[in-house]
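Please open the structure in a viewer and keep the selection panel at hand.

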Amino acid sequence: MGCAISGSGLTPRTAESRHTEDEAPARLTPDHIQLIRESWKVIQEDIAKVGIIMFVRLFETHPECKDVFFLFRDVEDLERLRTSRELRAHGLRVMSFIEKSVARLDQLERLETLARELGKSHFRYNAPPKYYGYVAAEFICAVRPVLKDRWTSELEQAWKTLFQYVTAIMKDGYLEEERSKRSHTLTSSKERPDKRNTAI
């Protein structure tokens with residue numbers, strides 16, 4: 001297929017969020033930022049189309065992802081997916097997140113907050129981090145034909161770096177929410193009185 005993103009799972013800049021010593025953080029350079037912004041001007045003209053293509057490809061290449069989307073879980077017909085209003089709406093939500101990410105490229109703290117919150121909400125939706133890189137790969141496959149001769153290996157690397165950066169922060173948010181819920185559950189169970197000791 002030739003569209004997979006290699007090296008996904010890189011973590012954000014903060015040392016405390018690195019999971020192992022040998023993981024290198026994704027680094028967005030000024031050149032990356034410029035390339036992403038210029039290409040986004042073209043991509044956003046076809047934003048709904050790209051969103052649909054991205055998710056139809058995702059379900060085609062990774063059918064297990066449909067388990068996260070209860071609306072599409074039993075849909076086998078890809079043509080039905082292409083015309084689904086629900087899929088179009090979800091694709092637009094994801095594209096909107098990408099648009100917000102591009103707008104915050106010079107405000108990385110705000111971008112990190114946005115991505116961390118999205119990771120936390122994905123825990124609540126039961127959408128684990130292993131799927132994040134799949135979406136990134138299918139986004140790149142979907143935008144390549146839209147950008148045509150503007151697509152270069154440098155631009156591909158810029159988008160990969162952005163997705164590696166954002167998905168690593170999302171993963172941190174997901175794991176943070178998971179730890180928080182686990183801690184809350186343990187605390188709640190300790191606070192419940194032991195009914196055996198309350199009998200008179």
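The stops below concern a helix pair and then a pocket.

The model is predicted, so that local features need pLDDT of at least 70 and side-chain atom pairs count only at pLDDT 80 or more, while totals for chains, interfaces and linings use all residues. Residues are numbered from 1 along each chain as its sequence is written, and side-chain values use heavy atoms, with hydrogens and water left out.

Select residues 85-103, helix H4, together with residues 108-124, helix H5; helices are DSSP runs of H or I with at least four residues, numbered from the N terminus. Their axes (lines fitted to C-alpha atoms over the stretch in contact) come within 9 Å and cross at roughly 155 degrees. H4 is therefore roughly antiparallel to H5, a label for angles over 145 degrees.

Next, show the side of H4 that carries Phe97, Lys100 and Ser101, which meet Leu111, Leu114, Ala115 and Leu118 of H5; contact means heavy atoms within 4.5 Å. These contact residues comprise five nonpolar, one polar and one charged (Ala, Val, Leu, Ile, Met, Phe, Trp, Tyr, Cys and Pro count as nonpolar; Asp, Glu, Lys and Arg as charged; the others, Gly among them, as polar).

Now select Phe69, His90, Val94, Leu118 and His122, which lie nearest the centre of the largest pocket among its 30 lining residues. A pocket is an open set of points on a 1 Å grid over the protein atoms alone, where a 1.4 Å probe fits, with protein on both sides within 12 Å along at least five of seven lines; lining residues have an atom within 4 Å of a point. H4 gives the most to this lining, with eight residues.

How values were computed. Axes are lines fitted to C-alpha atoms, for helices over the stretch in contact, and angles run from 0 to 180 degrees between N-to-C directions. Helices (H or I, at least four residues) and strands (E, at least two) are DSSP runs, numbered from the N terminus. Angles under 35 degrees count as roughly parallel, over 145 as roughly antiparallel, 65 to 115 as roughly perpendicular and the rest as oblique.
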